[in-house]
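Q: Please take a close look at one part of this structure and then describe how other parts are joined.
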Amino acid sequence: MTHRITLIPGDGIGPEVTKATVRILEATGVKFEWETFAAGAEAFEKYKEYIPKELTESIERTRVGLKGPVTTPIGGGFSSINVELRKRFELFANFRPIRNLPHIPTRYPDVDLIIVRENTEGLYSGIEHEVVPGVVESLKIITEKASTRVSRFAFEYARQNKRKKIHCIHKANIMKMSDGLFLRCSRQVSKEYPEITYGEHIVDNTCMQLVMNPYQYDMLLLENLYGDIVSDLCAGLVGGLGLVPGANFGHECAIFEAVHGSAPDIAGKNIANPTAVLRSALLMLRHIGEVDAAWKIRNAIDQVYRDRSKLTRDVGGSAGTSEFADSIIQAMESAHPAEAQEV
Ligand code: NAI
């Protein structure tokens, strides 16, 4: 069987890390047909659209995307392509597993956290205007529908994957109505899952708790902005943004992408770490039913990290992006089956 996947290489380090990932995926023997499209500034030059119609049609057709990061201009310019794709395809649940890789020195070993971030509203609704000169208003939209469906996603995941605890993270002491609604919805859904312990923490305290003792949490459920910020904090707990994968799930389709951005500071130098996009691709392989290939790559990642001689600079090595990919492909031939427990 051939899997048709929409591929968005993105910009900055995107093309380098997605190229490395595609090479590794193809070396598993699984057959892919890639429908490749630009998005963002690069797409605008070619199609006069930031998200070309062809890209939208491709995702509607394949229902699965693998995406590199896309740059969003700061303080002006076009709106985030990433946010727009999530809204357009109702990819309402952003899923980010936070786990250590072997032999990467971090403050805490054996971190195992799951972040579920609401992905379609909150302050990312992008509804802003100038009220009068010098005063700007930005609207935070929270709906019962979106809050309930993302809560249900989190609890269903917990049930199916035998997770024990979910904390809903909020700031309902200040945003009593908006975060209050998010909290009420998650509380309501939690009642249907009595086997899962439910807790609530305020977001600022959560950041402190996470750096003091990440083991107290199992799964975190957050609205959009808190999820974005806390994800990067958690990436720092396990070795940095080069390592942490992500997935955007909707009822109709899913797009897999790393937590990190386009990293303009290291783009075009063949030094970016492709592990985060590669691990996102492992989530994709599981989603499309190619579980054996996912384990094959996962075990190879463990082997390469254990060996340490072909790691990228962000994790203390000196190998380039493509050299790292070569070593994963090589390791796939010899890695022991089913050593790793999780993606
Ligand atoms: P960033 O995540 O691109 O970079 C933050 C730091 O982490 C930089 O020092 C960078 O070099 C490092 N880093 C990130 N990924 C790495 C990798 N794979 N290997 C090694 N080091 C890595 O965040 P930043 O600089 O705040 O954002 C840059 C651009 O990316 C912005 O335009 C932002 O809007 C966009 N962005 C896009 C996302 C997406 O497409 N999903 C997500 C986050 C940001």
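Which residues form a nonpolar patch on the surface, and what is their accessible area together?

A: This is a predicted model. In it, the nonpolar surface patch is formed by Ile127, Leu139 and Ile141, which together have about 200 Å² of accessible area. Ile141 sits in the loop between strand 7 (135-138) and helix 5 (144-160). Its relative accessibility is 31%, so Ile141 counts as partly exposed.

Charged side chains come next. Side chains of opposite charge can pair when their charged atoms come close. The whole structure holds 21 salt bridges. One of them joins Glu33 and Arg4, at 3.5 Å from N to O. This pair links distant parts of the chain, with Glu33 in strand 2 (residues 31-36) and Arg4 in strand 1 (residues 2-8), 29 residues apart. Glu33 is partly exposed at 39% relative accessible area, and Arg4 is partly exposed at 40%.

Arg61 forms a salt bridge with Glu35, and their closest N and O atoms are 2.7 Å apart. Because Arg61 lies in helix 3 (residues 53-62) and Glu35 in strand 2, the pair ties together parts that are 26 residues apart in sequence. Arg61 counts as partly exposed, at 46% relative accessibility, whereas Glu35 counts as buried, at 11%. Through shared partners, salt bridges join Arg4, Glu33, Glu35 and Arg61 into one network.

Another salt bridge is formed by the side chains of Asp326 and Arg23, at 2.9 Å from N to O. Here Asp326 is in helix 11 and Arg23 in helix 1 (residues 14-27), 303 residues apart.

Technical notes: Residues are numbered from 1 along each chain as its sequence is written. This is a predicted model: local features need pLDDT of at least 70, side-chain atom pairs count only at pLDDT 80 or more; totals for chains, interfaces and linings use all residues. Side-chain values use heavy atoms; hydrogens and water are left out. Patches are made of residues with over 30% relative accessible area and no salt bridge: like charges are joined within 9 Å, nonpolar side chains (Val, Leu, Ile, Met, Phe, Trp, Tyr) within 5 Å. Accessible areas come from the Shrake-Rupley method with a 1.4 Å probe; for residues, only the protein chains shown count as cover. A salt bridge is a side-chain nitrogen of Lys or Arg within 4 Å of a carboxyl oxygen of Asp or Glu. Helices (H or I, at least four residues) and strands (E, at least two) are DSSP runs, numbered from the N terminus. Buried means under 20% relative accessible area, exposed over 50%, partly exposed in between (1.4 Å probe, protein chains only).
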